[in-house]
Structures are given as C-alpha cells and as structure tokens.
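Could you walk me through reading a few features of a structure, one at a time? I'd like the general idea and then the case at hand.

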Amino acid sequence: MSDFTMRVTYAETGRLVMLSHLEVTRALERTVRRAGLPYAVTNGFSPHMRLSFGAALPVGVGGLAEVFDVVLTEFVAPQQALALLRQASPADLMPQAVRYVTRDEKAASVAYPFCAYRVEFSASVVRDGRPLLSVPEQITVVRKKKEKHLEPADFLVGRVRFGNVGDSGSGIGDVEAAAPTGVEGSAAVRGAEAVVPAGVRGVAGPDGTPDAYTAGARGWMTCALESKPTGSLRIDVLVQAMCDAAGAAGQAIRPVSVMRTAQAQDAASLGELAALATESGHGSGRF
Amino acid sequence: MESLWPRVEVLLREAGHDIEKPTRYINHEWGCTLKPEAPYRFVMTYPDTYELGQANQAVRILCNCVNAVDGMAAERAYLPAPDMIARMRESGLPAFSVESCAAVCDFQAVGITLPHELAATNVLEFLDLAGIPVRADRRAEDERRAAAEGHPYRYPLIMGGGPCVFNAEPFAPFFDVLMLGEGEEALPELLRIDRSMREQGASREEILHRMAQVPGTYVPALYDVVDEAEAQRRGSWLVPRAADVPAVVEKRIWEGFATSDAYEPTVVPYAELVHDRLNIEVLRGCARGCRFCQAGMMYRPVRERSADNIVAAAVRGIEETGYDEVSLTSLSTTDHSQIEDILRRLNRIFEGRGISVSIPSQRLDAFGVGMAELVAGGGKKGGLTFAPEAGTQRLRDVINKQVTEDDLFNAVTAAFDAGWRRCKLYFMIGLPTETDDDVRGIGELLERTLAAAREAVEPDQRGAVKVSASIGLFVPKAATPFQWDGQISPDEAARRIAVLRQSVRSRAIDISWHEPDVSLVEAMMSRGGRRIADVVETAWRHGARFDAWREHFSLQAWKDACAECGVDFDHVAQASYPTDYVMPWAHLSSGVTTRFLQRERERAEKGITTPDCTFGTCSACGICPHYGTDNQVQEARS
C-alpha cells in the first residue's frame, strides 16, 4: 500500500498568532478531518493521524509560510485538496499551497532551517538616518535551568534592515553577518496557490495585501535567522533583547507584530523568497 | 457594541509571558456563531476560566437556543484567569464576551450557570469585573434613579440557572431571576418577555413581576425571608409578596428533549480543555434513586433519545468539528436501553479513522463482557472508573446504590480480560448510618477487587494491574433523601480515613484522599439559607475567588467570613434534622415530593432498597402525575 505525503503551506495570522505550537497542531489536525481528506492513521493501540510539523512558532509570532505534512491513503489532486482544506479552515489559519513531497525530501521540521522575519514596532525605529535599535552582541537565555549565552551574529543571515512605516526605499541595513544579501525585486506569489520561483527551495507567504492591522505600526525590521543543530535563536527573544536595550536607553519601543515571512533550505533561496515579503506590509501578526 | 479587542491586545502584548495562555481571550474558534446585527444580545457565562467553562454543555445548549431566535444573539463569556484579572483591573478594562469582545455590562441580559457551590465567589468576581453591582437590590435602586433621569435598564438582567438553584438562597440576593430546571424553552421565553416589555418602556420591576409568572422562575426580590420559627410554621422560609407570585417554584421540564436533534452546534476551541471532545447527550434523567445523588432527583423523568438520532448526530458532529473523540454523555449512559446497539454502530462507522467513542462513567451492574468489548472497540484504553460509593452491601443498600460485589467483580474481570489494566473506584465516607465496619469494608473490597483483576490477566501482566480508589467526604444535598442529614466533622472524617488506610495492605492499591476543606464549605453552602449569601459576599470581599482551584482555596477565609457574619460554620454543615423540618429550599421544587424523600429516608434507615422505575415498578416519587409526563425509554430496559 502506498502512502502519499502532502505538504501543506499555511499562514498563521491575526489573533491566532497567540496560539501555542501544540494548539496549532491540534487545530490543523481537526482541519484535516473536517476537510474530509483520506488521511492515514498509525497502526497499533491508539490510532492517530500521521501528521508532522515544521519548526514551531513561539506564542505571539505568526507565520505566512508555515508547513505541515499529512499522510494520505489515496492521491487527491492538489487543487482539490487545497480547496477542501481552505473550506474547513478558520481565516487566520489558512492553507496557501499544497504539494506532494517525495521520499528523498527532508522532514518538515528540518527542511527549512533558514527563516526570514518581519517585525513591526509601536514607534519609529529610524531617526536622522540611523536605526534606534541594534543587535546585541550577546543574549542570555535560560535553557533547562542553565544560562546559555547566544551570539546573534552566529544565527543572523544577511542584513538586518530597519525602516519607518511610510518611508520609501528599502530601509537601512545595520548588521552585516554572512555575505549574501537579499535579492531585490519580487517573485510572483498568488493568493491560493503559491508558486515558488524555479530552483528556490522553500516556501513563502502571499504577497502584500495592505492590512488593516498594520495601521498603527510605525517602524519595521526584517532579518533572517538560521537554526543550527546546536540550537537556535528565537526571533521573539532577539526582538525583546533589542527593545529592552532601547528601553534602557530611554526609547520606548515595543513589537506590535512579529511574523515569519519565509522559510528556506539554504540562504540563497531565502534571499529570493524574502524579497517577496515587500516592505509595504502583508498579512500581519498584529491582531 | 464596541469591541474591546484593541485594548485586550495591548494588554496581552505588553504583558508577554506574564499572562498565561492568551488563547483564553482570543476567539474566532471554528463553529462559533456570530450575529452582529441582532439587536437583543445575551451573554452566557460559566464562572471560571475558558478551559474549564468551554466544555460546559449548558452554555453550549442555551447559546444555541437563544441564537435560534430571530433578532437575538447569544455570546459566551468566561472569567479571565487571576493574572489577567489583575491587569484588567489595573487598566480599567471590564469583563468582555468571547465572540465580539464586547463589555458584558452592555448586553441586555447576562446568564450565569451555577455548576457547583464553590463557584459562588467567582460569580461575584465576574459581576464586579463587569462593572455590575453584585447585589440585586443595589442594582434596582441605581436603575430606579437612572430611569427617573431617562436612562432605564442601566444594567443587564442578571439570570442564573443550573444545579445550585435547587438550594438557591446563598445565591439569591445577587440575581434578578433564577431558573429552575431545564432552560431550553424557559430561557428564550424569559428573554422574549424582556425584549417586548423593554420596547414598551416597562420598568424593571414590572418586567420581573411578569417573569415570576413563567413556570420555573424564581425572582428573589418578590419574596420576603422569614425567621426559623415562622418558616417552620408556614412550611417555607420564603414568602411571596404578591398573590400572583408562586409560593413554590417548580422546575421546568423540556418535553421535547427525546425527539429533538441530538446534534448541537459546537464551538471547537483552540485551547486545551480539561475534556475536549464532541459531546452528544444521549439521555436525560436517572431513576436509579441513589439517595445521596442530587442529579438523580433533579433531572427526572428519564428520557432517552433514539439510537438513530444519536448515531446521526455523532457522524455529523465529527464531520463538522473534526474532533477525534465522541463522548456519549448523560448521568448514566450505560443505562440507555439501546447503548450496545449505539456503540456497535459507532465503532463500525469510525473504524480505522482514529476516532474513539467514550462514555463518562459506567454502571457496575451494566458493565459486562459485552460492554467491555464495545467500549474497548474504539481503540483507546485509559483507566476505567466505577463508583461503588460504599464498601459493604449493607451501606450500599442504605444509599440505594444497587450494585453487588458480584457486579463489581464481573465488571472488573470483563474489563481486564478485554485489555484494561487500570481501574479507579470512587467511594464516600460519612454516609448516613456508616460505621467503622463499613469503612473497613472499603479496604477489603479493594483487596478483593485487585485479586479479581489480577486473576483476569496473564501472569506476566499482573504487575501492570493498578487499582486505585478516590475517597470523597459525603456532602448532603438539597432535594435528596439525605438532605436532613448533617456532614460528619472533619476530625471524624480524619479518623475514619485512618481506619480505611489500615484496612488496605497491598501496595498496588492507591488511595487518594484530599483534605476535605473544600467539602466542608460545599456542605455549608449546600445546606445553608439566605444568611449564607452574606458569608459569600464577605468571603469574596476579603479576596476569596477561584475556590474550586486548590491553589486559591482557603478554608480559613470562609471560616472568618462566617464568624464576621455571625454564622456558625460547623452547625450549618453538620446539623441533622428530623424529616419534618422545613429546609431553606422548601419553596423550590424538583417535582419529587417531600413525602417521597421522607419515605426514602426511612427506608434508608432500615436498609431497604427502592427499585429503578425504568426497570421495575413506579416508586411514587410524584413527578409524573404532577407534570402529566412519564419516563421515555426507547426499548424495554433490562
């Protein structure tokens, strides 16, 4: 009996960015069931759906191009599967694209270690041509009751860009980490079915539809992080550290939206995909 | 109505990890009903946090009923958790509904279900957080003033219902209206009255007076409270102020239950709930007549829905919700005359789809080999729970829990044979006529049960067999034959638990007994009269809330509140009365006559059992002749 593993790209937006990863996985499982897709179940005592998920999003962080895999017992045409899933989904947890993955592809949780983010802030973050936020040299996190010191430079990929909402231009780059920078321009991404540029391995969210929620955001930042086998730096931890430092210097800046805009297999692909997340705003984590 | 969402969002973002489980406060769940244009708006509340309240069926059912009315909308509301409440109070953000995040005080009516006595302080906390004065008389005063200035109906109508209404007095002064019994018809009826009388510009008093005419409706403001001597003389502690206000309020029965669709629209939450599955109510009422059980007296007569109805509802429900578990709920699901057929059909339909069917608890005497296989057929086996309640046959006969040791061993053997490895048994101590022999009987019964369980499994599996017991302290409840019996003192309870522990030798048996502090307050609330309302308010003003949560409950706070109000805590909980004593709920009727309760108490004293009328002869509890109704079972019960 053959299995068909379907990879679904979905967006987590609006208020649902407040869901924990477990809550999202439960919601997705129910969506698959409501969609009436012929899902496979595990053998044994307590049969359950065969689902696997991409890298978790922290509570409060949304994503435009999240992934999960579901194993089906029969082939269902991607267009039809996508339509069924969309009908069964709440607006803020909406599938965008569907494709079958082959056995040689990596599992959803490890396939896309390079992630692009867009953060929006309550206040302007650029003044007189200089950014008010900076990436700290070191961030201390507590893992398993021990303090760990992470250096953001180890995880950042490409440039960190800042801008004020409403300014034209591509913003100001601050930190230069690894060499390749984002590719300017945009590739075509349509609403219901994401078409990823040939040769690019990754997933990206839908293109910019101006979002009512973005109103009220005054500054923005884009960056990319790589998660490594030894660990990762969470975007919300990085943003919090940056805002805390600004706060200590007398600048009250807090994030109003944190979104993962794209995920990719390697830095180059991410560069192309990240360019799809235009600076004029798109699906937001401002709920 | 204005959405408070932007302010909630700011709180959640600013607090970050300091506010736990923000999912409690967002909505947009799959399956929620939005009727933003409906002009008459009702909010239904469960007085605890989202994850405890969302599973509540009363909220689900009544919201559906009100949403079905043209021009009316029902939304849900829950109490935010303490961390969120603190922030809300700091920033002046009032209690809000789920669906549209509107301020609770802006609705026309607020319904609060009273699921158990310990919810009382949460009710007050909720009203206060909503900016609504907790006392009905204070609200009435404010409204009279406001009406004189041209702003009538300043506050929503505050309505209560649910199990605690059968001893309503500790709650009465906080509510405008209390509804006794089933609300499917009564609630829309009352809301229609409110709507049309508001349109006519009627005063709040006129509206409440009209509502008091609706069967099953108790309007506390229309009664005077009398003292004990007068109460005993009159036969009631509450006396109506007008001739057209009923001296006794009789519960409502929804006649249409059995033939109504078992499918109820369901909200599918994102948050992890205590129990999160599709609920199908398969029957209402239970006539077993266990003498300690309030639910058994409250929900008569017995009404079963048909197997076709239930199976169709389960299938449709799974399709529409995407849940992976269906729970067939009722007071005693295995008593349903068609339960085996229902389980067989559902198991077949859901085979291979990873969907399981569960039953909340099984009757020992209905659980045999057949049932064991059917319930296991769903593919999921946790622990099985049974409730023998008493350790000796003598005491089981006294409480009319008609299960024998053979029933227990047959059930356990069947279950462990079919693959279960754990079972949990519920018992109570402090039941009327209990002796130390009865208490030791619990331990001895557990030992024999463990032996039977081990017998039923392969030798190499015997180590995995676990029998556990959960012991509760008996709380006498209104509208039961034991309503005149007092609770035993905490010291006596501790002594009996020591006797019990000594009677258990095997280490494979786990006895779970928690400090009965919560049961003491429960008893005080479940037997007390109007003065207990003062105690509730005093306790709340001194900071008592979330009493059902172990980490927040303080027995001392309640004792202090009693002392401050001049109420003898121990006396209220522990005093026993002769059966001709008029109790503080004599004006509220479950349809079961006092004469029947007295007779049952006498039979209990003699250890004589009373049969279940759905299996055998009528026991003359009084409800059928009085309501002109009858039990409705699908097939003969055996």
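Q: What should I know before I start?

A: This is a predicted model, where local features need pLDDT of at least 70, side-chain atom pairs count only at pLDDT 80 or more, and totals for chains, interfaces and linings use all residues. Residues are numbered from 1 along each chain as its sequence is written, chains are lettered from A and ligands numbered from 1 in the order in which they are written, and side-chain values use heavy atoms, leaving out hydrogens and water.

Q: Which strands form the open sheet of 3 strands in chain B, and in what order?

A: Strands (E, at least two residues) and helices (H or I, at least four) are DSSP runs, numbered from the N terminus. Two strands pair if DSSP finds at least two bridges between them. Here the order is β10-β13-β14 of chain B, with parallel pairing. β10 (278-281) and β14 (356-358) of chain B have a single partner strand each, so one side of each lacks a neighbour in the sheet. From one strand to the next, the twist averages 25°; axes are lines fitted to C-alpha atoms, for helices over the stretch in contact, and angles run from 0 to 180 degrees between N-to-C directions.

Q: How many bridges pair β10(B) and β13(B)?

A: There are 4, in the parallel sense. N279(B) sits opposite S327(B), and E281(B) has T329(B) as its bridge partner. Contact means heavy atoms within 4.5 Å.

Q: Which way do the residues of β10(B) point?

A: L278(B) and I280(B) point one way, N279(B) and E281(B) the other, and all are buried. Buried means under 20% relative accessible area, exposed over 50%, and partly exposed in between (1.4 Å probe, protein chains only).

Q: Where is H336(B), and why does H336(B) count as buried?

A: Look in the loop between β13 (325-329) and α12 (339-349) of chain B. H336(B) counts as buried because its relative accessibility is 2%. Beyond its neighbours within four places in sequence, its contacts include V282(B), E304(B), I342(B) and R637(B). A polar atom of the H336(B) side chain also lies 3.0 Å from the backbone nitrogen of Q338(B). For a polar contact, you want a pair of N or O atoms within 3.5 Å; within protein, one must be able to donate a hydrogen and the other to accept it, and residues adjacent in sequence count only if both atoms are side-chain atoms.

Q: What span should helix α6 of chain B have?

A: The expected span is 1.5 Å times one less than the number of residues. For the 13 residues of α6(B) (136-148) that gives 18 Å, and the end C-alpha atoms are 18 Å apart, which agrees.

Q: Which residues of α6(B) are buried?

A: A136(B), R139(B), D142(B), E143(B) and A146(B) are. They cover an arc of only 120° around the axis, so they sit on the same side of α6(B); the arc is that of the directions from the helix axis to the C-beta atoms. The face turned away from that buried side carries the exposed D137(B) and A148(B). Among the elements covering the buried residues are α5 (120-129), β4 (157-161) and α8 (204-211) of chain B.
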